[in-house]
Amino acid sequence: MELLVDNGNISQDGVLELSDDLLSQVLGEKTLKYDKNGEDHYDLISALHKSMRNSDVDAAIYWLNRMLAGGEDPLYIARRLLRFASEYIGLADNNALNLVVNVFQTCQFIGMPECNVHLIQAVIYLSLAPKSNAVYKATTRVAKDVKQTLNEPVPLQIRNGTTKLMKELGYGKGYELAHFAKDKLTTMQTMPDNLVGHTYYLPTEQGNEIRFKQRLEQIKAWHQKHDKT
């Protein structure tokens with residue numbers, strides 16, 4: 001094969017420095033620009049995430065394969081898919097997380113190049129799954145309250161009264177086990193006094209999450225009827 005030597009530079013030490021064009025001729029394919037620790041790394045994982053969030057399955061497959069072709073660690077990609085499954089799908093499709101856990105383990109077992117098809121399977125599933133960030137929003141809402149109420153006392157009725165002194169102080173007094181109640185619900189307060197009425201989880205109607213929304217509405221309606229005023 002005749003090489004275009006003028007695409008390389010010969011140093012004073014007689015060392016030939018090969019250009020990308022020359023390497024492409026030698027390797028028979030285009031060289032891939034990818035810095036696993038730099039801007040390319042973050043740009044491509046961002047592109048993958050945003051394509052999946054937008055349910056653009058073909059774009060997601062493309063960006064995934066760009067990362068793999070650049071030598072990205074498949075376990076890094078699988079970890080990001082695990083986060084995606086809960087942050088952007090959550091309870092809208094519980095199987096999303098199960099699938100990605102299986103794919104992560106498969107990547108550990110067989111590695112590249114064989115595990116590429118499993119990663120593609122996960123990316124396709126996540127791209128086409130119904131989307132909900134209600135779990136993620138609940139996480140951020142409660143984090144704010146926790147930061148501001150780190151010393152909020154646990155209500156006495158749900159404290160663990162394991163000693164005689166604790167019981168004398170009222171630990172566990174008034175505790176109601178919902179399992180024995182007719183509707184499996186009680187009027188017992190489980191939130192700290194200063195946080196009663198605070199709401200963190202606001203389910204959507206996407207996918208399976210509508211069932212969680214309906215159940216939550218049933219629970220709230222029950223409390224409106226039975227809670228003490």
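This is a predicted model: local features need pLDDT of at least 70, side-chain atom pairs count only at pLDDT 80 or more; totals for chains, interfaces and linings use all residues.
Where does K184 lie? Residues are numbered from 1 along each chain as its sequence is written, and side-chain values use heavy atoms, with hydrogens and water left out.

Okay, back to K184. K184 sits in the loop between α8 (164-168) and α9 (209-226). Helices here are DSSP runs of H or I with at least four residues, strands are runs of E with at least two, and both are numbered from the N terminus. K184 isn't a glycine, yet its phi is positive, about 60°. K184 counts as partly exposed because its relative accessibility is 45%; buried means under 20% relative accessible area, exposed means over 50%, and partly exposed is in between, with a 1.4 Å probe and protein chains only.

There's another residue of that kind, S55. Phi of S55 is near 60°, again positive in a residue other than glycine. You'll find S55 in the loop between α2 (39-53) and α3. With a relative accessible area of 35%, S55 is partly exposed.

Now the overall layout. The protein has nine helices and two strands, and from the N terminus the order is β-β-α-α-α-α-α-α-α-α-α. Buried residues make up 30% of the 229 residues. If you take contacts, meaning heavy atoms within 4.5 Å, between residues at least 6 apart in sequence, 57% of them join residues at least 24 apart.

The axes are lines fitted to C-alpha atoms, for helices over the stretch in contact, and the angles run from 0 to 180 degrees between N-to-C directions. By class, the contact of α5 with α6 has ten nonpolar, four polar and no charged residues. For that count, Ala, Val, Leu, Ile, Met, Phe, Trp, Tyr, Cys and Pro are nonpolar, Asp, Glu, Lys and Arg are charged, and the others, Gly among them, are polar.

Let's zoom in on L99, which is in helix α5 (residues 95-110). L99 counts as buried because its relative accessibility is 13%. Leaving out residues up to four places away in sequence, L99 touches Q121, A122 and Y125. L99 and Y125 are 26 residues apart along the chain, and their C-alpha atoms are separated by 8.5 Å.

Between α5 and α6 there's a loop, and P113 is in it. A cis peptide bond joins M112 and P113, with omega about 5°.

Next, what does α3 do with α6? Helix α3 (residues 57-69) packs against α6 at about 150°, with the axes 9 Å apart. That makes α3 roughly antiparallel to α6. Among the residues that meet are A60, I61 and L64 in α3, and I120, V123 and S127 in α6. The contact of α3 with α6 divides into ten nonpolar, three polar and no charged residues.

Buried or exposed, what would you guess for S127? S127 lies in helix α6 (residues 116-128), and S127 counts as buried because its relative accessibility is 0%. Apart from neighbours within four places in sequence, S127 is in contact with M52, S55, D56, V57 and A60.

Last topic, charges. Side chains of opposite charge can pair when their charged atoms come close. How many salt bridges do we get? The count is two, where a salt bridge is a side-chain nitrogen of Lys or Arg within 4 Å of a carboxyl oxygen of Asp or Glu. One joins E87 and R83, at 2.6 Å from N to O. Both lie in helix α4 (residues 74-89), four residues apart, about one turn of the helix. E87 counts as buried because its relative accessibility is 11%, and R83 counts as partly exposed because its value is 41%. The side chains of K213 and E205 also meet in a salt bridge, at 3.0 Å from N to O. K213 is partly exposed, with a relative accessible area of 22%.

How values were computed: Angles under 35 degrees count as roughly parallel, over 145 as roughly antiparallel, 65 to 115 as roughly perpendicular and the rest as oblique.
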